[in-house]
Amino acid sequence: MNTLVAQRKRNTLGTIGRNWVLVFLVLEFGYFAILTRGFASLNIVQMILFYGTEVFLLATAELFVIITGGIDLSVGYVLGFATVISSKLMVVFASRGLSPLGAIVTSILITLCVGLIPGFVNGVLVAKLRVPPFIATFSMLGVCQGVSELLMQGIPAKNLPPLAGTIGNGHFLYIVPGSGISFMQRPDVARGVRVIEIIPNAVVFALVFIAIFAFILTKTRFGQHIYAIGGNIDAASRAGIDVKKHIIGVYMISSFFASLAGIIYVMKYITGKADAGAASLLDAIAAVVIGGASMFGGSGTVWRTILGCLVIATLETGLRMRGTPTFDKYILVGVILIFTVVIERFFPDFKR
Amino acid sequence: MPRPQMPHDTPTPFVQTRTGKLLGRHWALFFLLGMMAIFAFTGPGFFEVVNFQNIIHLATISILLAVAETFVIITGGIDLSVGFVMGLSSTLAARIMVTLGSTGMGEPMLIVLGTLAGLLVAFIPGFISGTLVARFKVPPFIATLGMWGICNGITLHLCDGFLPIAGLPSVLPRLGNGYLFYIHKGQSFTLFKKPDYIPDERVRELIRLVPFSFILIAAVVLVFWYILHKSKFGQHTYAIGGNIDAAIRAGIDVDRHLVKIYMLSAFLAGLAGVFNVFQTGIGNYTTFSSMYELFAVAAVVIGGASLLGGKGRIVGSMVGVLVLAVLKNGLAISGVQPFVRYIAVGVLLTLAVIIDQLFPDLF
């Protein structure tokens, strides 16, 4: 009887321990909600999601690489590279007489294809030439920065089709209380009539891709192999997994997500520049680690990574609304980052 | 009777011949010399004493950070915080000088106190990352990335957002950019100070030799070369990087040693920060896109160290820094767009590691 109670107690503790990020996120949100008026509202939650979109994507990119025991330092500048390419292409296509929608879709498709190249090169360097991931991806960071600065020549892209901004800053669902709903398109209502906007397009777009790849990671053989490689690379190759192919694939997924983030950046801010993602690298890696992945590989889930992103994004929005200087964020992210790893050292059985 | 074909009968591959090994071991040096030869033709004014002096003077911070990173990388770790520890020291030193200056304290006292504060504060992040790595077994990447964020935040607090701290004693940049010898051709020769009869605008007529920064670099490199290659501390550093379990069994207090290594690294970063104040005359925060830590790691790796630990030399890292510095200066003088440098550094770095893989048994 006693043991049963103890066991149940331990289970409760274990559940909290395993999901401490979620608990922390709730506490954090509660803290800001109590201290800041109007924080616990639909708009603020959507704002957190909206401004966090790029970091969601970069963190997912980083997660795949970190599961294999690597690191991808280039994601931030691959994002910048993608913003430069897609914005330039949109301007060119639109000026050549393509319809705005056609120009946008074509440039997005081309950017996504070109965005695979840095990942492919990274993968080949890491898998075939045995360059440490840190060095290979730092080299790629330099190359991407150089190439995008060369393409940009110091001038951020201008004159993008306005439709890009409309899509990027639009919402998925609009509700006009009492008169109806509409998808994707802002209803024509008189000024002053309240329109409830639900889920920004950018977030929907990002979450669809994140969900697809979360499925790939957990439910497919490819995903299982990635965990196997990160857990023990020798065992994985003895078990007949083509390790090199998988690692190349993982780095390509990473740069695919980074270019996706770049495209979303262009649609949101209607510009493209080489250092668009420079400051997001810390956030992306921190989110993955806060989400419980190990830098040595073999563990980490998309769901927890997103929680990690939310911890950082809530912090940033909360601090901004409280009027504290935003650079306090860096201190707190650093502290949370270290704290996470120390917690997991002390309670190793909390891990899955 | 024909001899059976034995594996060792195949011709020795180039990488195992004497020349091959020599080239492989010192490829960065040969690369540096080759690059200088090319720039001598493409860049007017590249191959001059004054220009070389400039290259090294401007690379002082990179050299200090690379020495710091060499120690950490030899133990198999990495210190991502050096760039921001540098910013912290720089802004704190400047802030203290400005604050004390407003109380009317004398300039020499002010500078001494500011410098000391800048140097001492660096030990704190070093101690914390070292403790996290050694006692709490936090991976160095994470521990120092955390310090990266914390130092950056505190630095930005010190400089009220994104404003460099100005209003420091004007003697600072003169000290930081001073020279040992000033020669006015055929007329005068002075030590430490330019001759009084030449105003600031005409200072370019002088031949200025041996910047003070050389003395700092020489002292740091000599001291840390001695520590790494001649002292027990250095031996233990290599032992930990080579095989940490063996080092523990051999009775080395690994935890303590690692804390010391990270403190040493942060101290050098602090020195770089204080030097930065002397060089620029203001307290600079570190920007995101400067990536000091990554370039320091790049220099160390080009200099032949391995990120897995156990390998690396101070002189090699110096060559690594010079390769990057000469590349930057030479490309600029040759009129190549500055962005090309990023690409060149990237390609070079990967090349360094691939060459390193080709010669596995060298170092």
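## The sheet of chain B

In this predicted model, chain B holds an open sheet of 3 strands in the order β2-β1-β3, with antiparallel pairing; strands are DSSP runs of E with at least two residues, helices are runs of H or I with at least four, both numbered from the N terminus, and two strands pair if DSSP finds at least two bridges between them. The edge strands, each pairing on one side only, are β2 (188-191) and β3 (207-211) of chain B. Strand β1 (residues 179-184) of chain B joins β3(B) in the antiparallel sense over 4 bridges, and B:I183 has B:I207 in β3(B) as its bridge partner.

## The contact between chains A and B

The contact takes 38 residues from chain A and 39 residues from chain B, where two residues are in contact if their C-beta atoms, placed from the backbone, lie within 7 Å. On the side of chain A that touches chain B, α7(A) gives the most, with 13 residues.

## Helix α7 of chain B

Helix α7 (residues 123-134) of chain B has 12 residues and reaches 16 Å from its first C-alpha to its last, close to the 16 Å expected at 1.5 Å a residue, the expected span being 1.5 Å times one less than the number of residues. The buried residues of α7(B) pack against α15 of chain A together with α5 (82-102), α8 (140-158) and α13 (254-280) of chain B; a residue is buried if 20 or more other C-beta atoms, placed from the backbone, lie within 10 Å of its own.

## Basis of the description

Residues are numbered from 1 along each chain as its sequence is written, while chains are lettered from A and ligands numbered from 1 in the order in which they are written. Local features need pLDDT of at least 70 and side-chain atom pairs count only at pLDDT 80 or more, whereas totals for chains, interfaces and linings use all residues.
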